[in-house]
Amino acid sequence: MTSTSNLPPGPAPLIDIEGLRVSFPAEGGPVEVIHNLDLTLRAGETLALVGESGSGKSVTSLAITRLIDYAGGSLTGGTIAFTDKTGHTRDLTRLSQEAMRGIRGPEIAMIFQEPMTSLNPVLRVGAQIAEAIMLHQGMDEAAATAEAARLLGRVRIADPARQLRRYPFELSGGMRQRVMIALALSCRPRLLIADEPTTALDVTVQAQVLRLLRTLQQETGMGMIFITHDMGVVAEIADRVAVMRLGRKVEEGDVESIFANPRHPYTQALLAAVPRLGALAGEPLPRAFDIAGVVSQPQNTVRHDVGPVLAVESLVTRFPVRRNFRLRARIHAVEQVSLSVQPGETLALVGESGCGKSTTGRSIIRLEQPEGGRIHLDGADITHLTGTTEARLHRDVQFVFQDPFASLNPRLTVGFSIAEPMLTHNIARGAEAERRVQALLREVGLTPEHAQRYPHEMSGGQRQRVCIARALASSPKVIIADEAVAALDVSIRAQVVNLLMELQSRLGLAMLFISHDMAVVERVSHRVAVMYLGQIVEIGPRQAVFNFPAHAYTKKLLAAVPIPDPTQRHRVMELDESEVPSPLRALSDPPIVAPLIKVGPHHFVARHSVGGSY
Amino acid sequence: MSATLPEPAVATTIRTPIGEFWRRFRRQRVALIAGLIILLIILAAVFAPFVAPFEPATPDYDNILEGSSALHWLGTDAYGRDVLSRIIWGGRVSLMVGFLSVALGAGVGVAIGLISGFFGGWVDGVLMRLMDVLLAFPGIILAIGVVALLGPGIDNVIYAIAVFSVPVFSRLVRGSTLALKQTLYVQAARSIGVKAPLLMLRHILPGAMPGVIVYASLRLGTSILTAASLSFIGLGARPPSAEWGAMLSDGRSYLGVADHLTIFPGLAIFVIVLAFNLFGDGLRDALDQKLR
């Protein structure tokens, strides 16, 4: 079994894939989705499989574990030589599913993107780990439970004995993913396939999980195939990188040379599209991504000669937690948030999941009902909605959601979806509305023919362009973009970010850009507000906040962002293992809102500790 | 746009929801055949004056209680009326009762379900408790009660059956409405400022319709059966109008003497109820999948 890939000489490979072909049945005959793929991995090594959606990276992992048989696909060619614990080398493409059951788990383990759906919601996590141990290692229940506790300790879960008795829904996302890792490691696999294991996690949790995986790999010497679309994560964890596109491997090499010297144009384009935190450290204004050799210029779009177009004062949104019809506690999603946006300005609202940044945006457009505070639109008080102020709010403030597919009605053509705001607000009807839809489609980089399509006939990037076109249809003054580019592939993300910035400079839009992605935020925003537990803990000009973060949480957030440069991997990470505390509080225990103190020009920070219940 | 990184091509053929539905429904042999049978019965009922060999109500005292013959394919009844012709004409009554009662029941039920699910709160509470009361009665008892209240007759049978279709449709639609209300595209429409009536009719109702269509086709069978049962116990169609349940009831007196008087109307009821059920199953399988 010699590999054709450019593997340096060394011990025999753990897994050696040659000429792999995978097909799925389709109406016009089977469609090949993986074409002649070669991959090799040795024990103790991490191979990152990188590519955008549809590149075939997940299908490859399903083919290795032969779970592809259950997904409807079939292996139509090639060999997968796998060397197991006893030193036998077998071709996994020829094994029966019966034999594969002995491979999956003890030899090859997998962890997935969604730790919630991968765990059985009605079983305690301890029982689930113990079950796997009993099944594959023949231990009795008491020994298996003890082993499960040991494994949870190994994935750095504090107080494992107590955590074993909890159900998956009682754990946070990061904890669940650690349970999944413990479950995967329970049988001491030789190969771990991790399919986007940190994509659904917050950056600080992602950093913890990545570091954990690296440590565990050093301890056990297992091989790891790490599937991801995030070049920053690749730089953190991989030894070697295979770049995939449309079912083909376009480039493979060790991580340093791929990053320093990408040879294939696709890899070059992919790396160019990756936002790098710190790229604009010396530039106070936002600047679009450089795409296809076009060097962008800083954009100065903010108008200071008029008052703020949107001003929010002491906004409070709480969700009651009731039990037996009695109010028991409250989730303090948004607590005394004040912010304002000038015309042409982008204010980024950053923070991790559960910090209240989305609820703030949703409260402004009344998808949630705020409990207190005032909202001014263009100087007019729209806190109390009447017929006219409501119409004005929905016309002048538009929202772009994270998931473009889910936010478009699947039964309406995209043309109608774009026209709907005009029809609703009586801006245009009939042929006039049609003409405007066509103009809007051109404006967002689509063609008028797209108006006839249904959402499922478009790609993710096109759908988000449609959503942006819809948001522009009523000629709004403010756009609230809630993680609007988070679900898109890197190259598409760069294009959509550039589109938003171009529209801002052309139309003078104010933007509230809600995001967890610090690198994208650095590109687009004039000012940044950092939210933590429903409060703004730091707000100021982007350059000041990013270069001189004053609040401990801002520092932690910035430190956790993976840097797409493998040479910086071993930088000291001052991360604590603590979880973000819950915004759920008893009625008698309202949160203390610390006043914001000025630390620089327009730069304010809240004075309180982080991590505890202040 | 970037020249180096074009977005991967998506399927170029435009696939409409109806086209997709037909593509999936075509594969269901049994449902297709059931649909064909339903179509035949509907055509026969619509063109009854041309299809039926005899007048359904004209007695012929020379040929009483005759079995199958070349002249009377399914025999004659106690008045010498042609059974085949009466079944064909009776199809008009049964189908009309079925379609009208389901349409009425579904219409009211869908409206109640939409309003209940969309507004929630006390509106939902009041409407759903009302539906619970209706659901608590066994269907046929409820129908008997309504007919007893309104008096016998085919139009009252339609109301009676519609009444007991309302709660099931409203429950069904309320469930879909609750789920659809939470979808991002309904929230998106809300954020644009779309008003409640349009939100319900344009964004929520179309999503709930597949379930309603499937259930309506299943319900048609049940309703025809209930109508026949009401006629059988003398609360529905009045003589001499031909109705399958009434024919069964008439034929009951001649069991053992002229079995064809009960077998053939019974068969007609059996075939159409079965056909509607199989058709509904096929519809469900074809419509249930997500629009993808």
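Q: How do β6 and β7 of chain A run, and how many bridges join them?
A: In this predicted model, strand β6 (residues 108-111) of chain A and β7(A) run parallel, and 4 bridges join them. To find one of those spots, look at A:A109, which has A:L192 in β7(A) as its bridge partner.

Q: And which way does β7(A) pair with β8 of chain A, parallel or antiparallel?
A: That pairing is parallel too, with 5 bridges between β7(A) and strand β8 (residues 223-228) of chain A. Here A:D195 stands opposite A:I227 in β8(A).

Q: What does the chain pass through to get from β7(A) to β8(A)?
A: The path goes through helix α8 (residues 203-220) of chain A. This makes a β-α-β crossover, and the crossover is right-handed.

Q: Is β7(A) buried or exposed?
A: Buried: 5 of the 5 residues of strand β7 (residues 191-195) of chain A are buried, so the strand is largely enclosed by the rest of the structure.

Q: Which residues sit on each side of it?
A: On one side of β7(A) you have A:L191, A:I193 and A:D195, and on the other A:L192 and A:A194. Both faces are covered, with all of these residues buried.

Q: Nice. What's the strand order in the sheet?
A: The order is β6-β7-β8-β3-β9-β10 in chain A. Those 6 strands form an open sheet with mixed pairing.

Q: Which strands stand at the edges?
A: β6 and β10 (248-254) of chain A do. Each has a single partner strand, so one side of each is left without a neighbour in the sheet.

Q: How many degrees does the twist average from one strand to the next?
A: The average is 15 degrees.

Q: What about β3 and β9 in chain A, how many bridges join those?
A: There are 4 bridges between strand β3 (residues 46-50) of chain A and strand β9 (residues 240-245) of chain A, and the two run parallel. One pair to look for is A:A48 with its bridge partner in β9(A), A:V241.

Q: Which strands does helix α11 of chain A lie across?
A: Helix α11 (residues 265-273) lies across β9 and β10 of chain A. Relative to β9(A), the helix runs at about 100 degrees.

Q: Where does A:A260 lie?
A: A:A260 lies in helix α10 (residues 255-260) of chain A.

Q: Why does A:A260 count as exposed?
A: Because A:A260 has 12 C-beta neighbours inside 10 Å, and a residue with 12 or fewer is classed as exposed. Something else to look at is A:D565: A:A260 and A:D565 are 305 residues apart in sequence, yet 8.4 Å apart in space, C-alpha to C-alpha.

Q: Switching to chain B: how many helices and strands does it have?
A: Chain B has 11 helices and 0 strands. The C-alpha trace spans about 90 × 50 × 25 Å along its principal axes.

Q: What share of chain B is buried?
A: Buried residues are 43% of the 292 residues in chain B. As for contacts in chain B with a separation of 6 or more, 70% are between residues 24 or more positions apart.

Q: How do α4 and α5 of chain B cross?
A: Helix α4 (residues 83-119) and helix α5 (residues 121-136) of chain B have axes that come within 7 Å and cross at roughly 145 degrees. The crossing of α4(B) past α5(B) is left-handed.

Q: Which residues make the contact?
A: From α4(B), they are B:I112, B:I115, B:S116, B:G117 and B:F119. From α5(B), they are B:G121, B:V123, B:D124, B:L127 and B:M128. By type, the contact has 6 nonpolar, 3 polar and 1 charged.

Methods
Residues numbered from 1 in each chain as written. Chains lettered and ligands numbered in written order. Predicted model: local features only at pLDDT ≥ 70, side-chain atom pairs only at ≥ 80, totals over all residues. Buried ≥ 20, exposed ≤ 12 C-beta atoms within 10 Å, placed from the backbone. Contact = placed C-beta atoms within 7 Å. Axes fitted to C-alpha atoms, helices over the stretch in contact; angles between N-to-C directions. Left-handed = near helix turned anticlockwise from the far one by under 90°. Nonpolar A, V, L, I, M, F, W, Y, C, P; charged D, E, K, R; others polar. Pairing = 2+ DSSP bridges. Right-handed = clockwise from strand over helix to strand, strands pointing away.
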